[in-house]
Amino acid sequence: MKNSIIEKDELLSYGFCEYGTEDSQDRYVARNDLYVEELDPNEGMSFGAAIALMKKGKKVARKGWNGKGMWLCIPLVDGPKEIPAKGIWGKPNADYAEQNGGTVKVMPYITMKTADGSIVMGWLASQTDMLAEDWLVVE
């Protein structure tokens, strides 16, 4: 697994818009409902840009994380999903699904693959993570 800057064509396919600069380096503007951001593909990106790419199915990580092989993703990129009770983790959640017609709506969430190979369900960003500009796409 390697960290990499996302390629120009891929950025454009995700709705990022290209524009030129005086120094002729390509730059991109990430557009989302809540922000417009300049993104230099030769540097890391903000957490906002990382979230936008996770919503497109990409895995992301911080350049500065100590653990090897760690990354984040959003498993339900297409939005909420009805999950049958037998596929629900945790007895209380499965019981709730059974009591409500045999399924339950699961909302999108961020998971983390940790350095020891575990998956953390419902990862929460720290203030440092949210303000960092060193987020990268993980291949």
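**Close-up views of a predicted model**

**View 1. Side-chain contacts of S46 with backbone nitrogens.** The side chain of S46 reaches the backbone nitrogen of A49 at 3.2 Å. This model is predicted. A polar atom of the S46 side chain also lies 3.3 Å from the backbone nitrogen of G48. Where is S46 found? S46 sits in the loop between β4 (36–39) and α2. Is S46 buried or exposed? S46 counts as buried because its relative accessibility is 10%, and the cut-off for buried is under 20%.

**View 2. The largest nonpolar core.** This core has 21 residues. W65, L72, W123 and W135 have the most contacts inside it. Which elements give two or more residues to the core? They are α2 (47–54), β5 (59–62), β6 (71–73) and β11 (135–138). The largest share comes from α2, with five residues. In soluble globular proteins, nonpolar side chains tend to be buried together.

**View 3. The surroundings of L72.** L72 is among the residues with the most contacts inside the largest nonpolar core. Neighbours within four places in sequence are left aside here. L72 is then in contact with M54, K58, K59, V60 and W65, among others. The list also includes I110, T111 and M112. W123 and W135 are in contact with L72 too.

**View 4. A second, separate core.** This core has eight residues. Among them are I83, A85, I88 and V106.

**View 5. D129 in helix α4.** D129 lies in α4, which covers residues 127–131. Is D129 buried or exposed? D129 counts as buried, because its relative accessibility is 9% and buried means under 20%. The side chains of D129 and R62 are joined by a polar contact of 2.9 Å. Which residues does D129 touch, not counting those up to four places away in sequence? They are F47, R62, W65, W123 and W135. Of these, W65, W123 and W135 are among the residues with the most contacts inside the largest nonpolar core.

**View 6. A nonpolar surface patch.** W89, I119 and M121 make a patch of about 310 Å². I119 lies in strand β10, residues 119–121.

Methods
Residues are numbered from 1 along each chain as its sequence is written. This is a predicted model: local features need pLDDT of at least 70, side-chain atom pairs count only at pLDDT 80 or more; totals for chains, interfaces and linings use all residues. Side-chain values use heavy atoms; hydrogens and water are left out. A nonpolar core is a set of buried Ala, Val, Leu, Ile, Met, Phe, Trp, Tyr and Cys residues joined through side-chain atoms within 4.5 Å. Buried means under 20% relative accessible area, exposed over 50%, partly exposed in between (1.4 Å probe, protein chains only). Helices (H or I, at least four residues) and strands (E, at least two) are DSSP runs, numbered from the N terminus. Contact means heavy atoms within 4.5 Å. A polar contact is a pair of N or O atoms within 3.5 Å; within protein, one must be able to donate a hydrogen and the other to accept it, and residues adjacent in sequence count only if both atoms are side-chain atoms. Patches are made of residues with over 30% relative accessible area and no salt bridge: like charges are joined within 9 Å, nonpolar side chains (Val, Leu, Ile, Met, Phe, Trp, Tyr) within 5 Å. Accessible areas come from the Shrake-Rupley method with a 1.4 Å probe; for residues, only the protein chains shown count as cover. A salt bridge is a side-chain nitrogen of Lys or Arg within 4 Å of a carboxyl oxygen of Asp or Glu.
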